Amino acid sequence: MNEVTYEELLKAFPSGIEPREGQRLMLKAIANTDKKYMLIQAPTGSGKTFAAISAAKAMGSAFILTATRSLQDQYVEDFVKHKGYSWAELKGRTNYKCDLNGSHNAKNAICKGKPHRKINEDDPKEEDLYNCKMVDRLPCTYFKKLLYARLSKITLINFMAGVCFLNYHHKFE
């Protein structure tokens, strides 16, 4: 069984909103599962957002993956409206401008989207990979968001970016 009860999930539901029957069924299913990973699939307008937010808050940690960036934006609005949630949002690298060259996105940035680290002067291949003028400065916007997502208890991320992020950062273990 899960470490969170149905009552705890109801208590974590956004204040001032009464869960509908479909949402109650989702919360019961979450409370009664023995699975580490859960997938909520239901029609548009069925209340998945609040069920997922409640589960994340009650469990203390979660990765909430959405199908699209527009749905991710909807979740952001819902998180902001209902206080008491500490979370991080991460999108794919193409959604962030390069801090050094605004005409590039983080995926095509001078650093080629690699984490900033010191250049090994003895290895010209590594110099090519990490040749970013931001190396001695604070990380760019994308890497700040990435770090915050890694440290956050609740991370909101679209599916494609999420699978890459979770696999690359060994969050599926």
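In what order do the three strands stand in the open sheet, and is the pairing parallel or antiparallel?

Guide: This is a predicted model, in which local features need pLDDT of at least 70 and side-chain atom pairs count only at pLDDT 80 or more, while totals for chains, interfaces and linings use all residues. Residues are numbered from 1 along each chain as its sequence is written, and side-chain values use heavy atoms, with hydrogens and water left out.

The open sheet has the order β1-β3-β2, with parallel pairing. Strands are DSSP runs of E with at least two residues, helices are runs of H or I with at least four, and both are numbered from the N terminus; two strands pair if DSSP finds at least two bridges between them. β1 (62–66) and β2 stand at the edges, each with a single partner strand, so one side of each has no neighbour in the sheet. From one strand to the next, the twist averages 20°; angles run from 0 to 180 degrees between N-to-C directions, and axes are lines fitted to C-alpha atoms, for helices over the stretch in contact.

β1 and β3 are joined by five bridges, and phenylalanine 63 stands opposite threonine 155 in β3. On the sheet packs α7, which touches β1, β2 and β3 (contact means heavy atoms within 4.5 Å). The direction of α7 makes about 125° with that of β3.

Helix α6 lies across β2 and β3, at about 130° to β2. Its residues Tyr142, Phe143, Leu146 and Ala149 are buried, that is, under 20% relative accessible area with a 1.4 Å probe, protein chains only. The buried residues of α6 pack against β2 (88–90), β3 (154–158) and α7 (159–168).

How values were computed. Buried means under 20% relative accessible area, exposed over 50%, partly exposed in between (1.4 Å probe, protein chains only).
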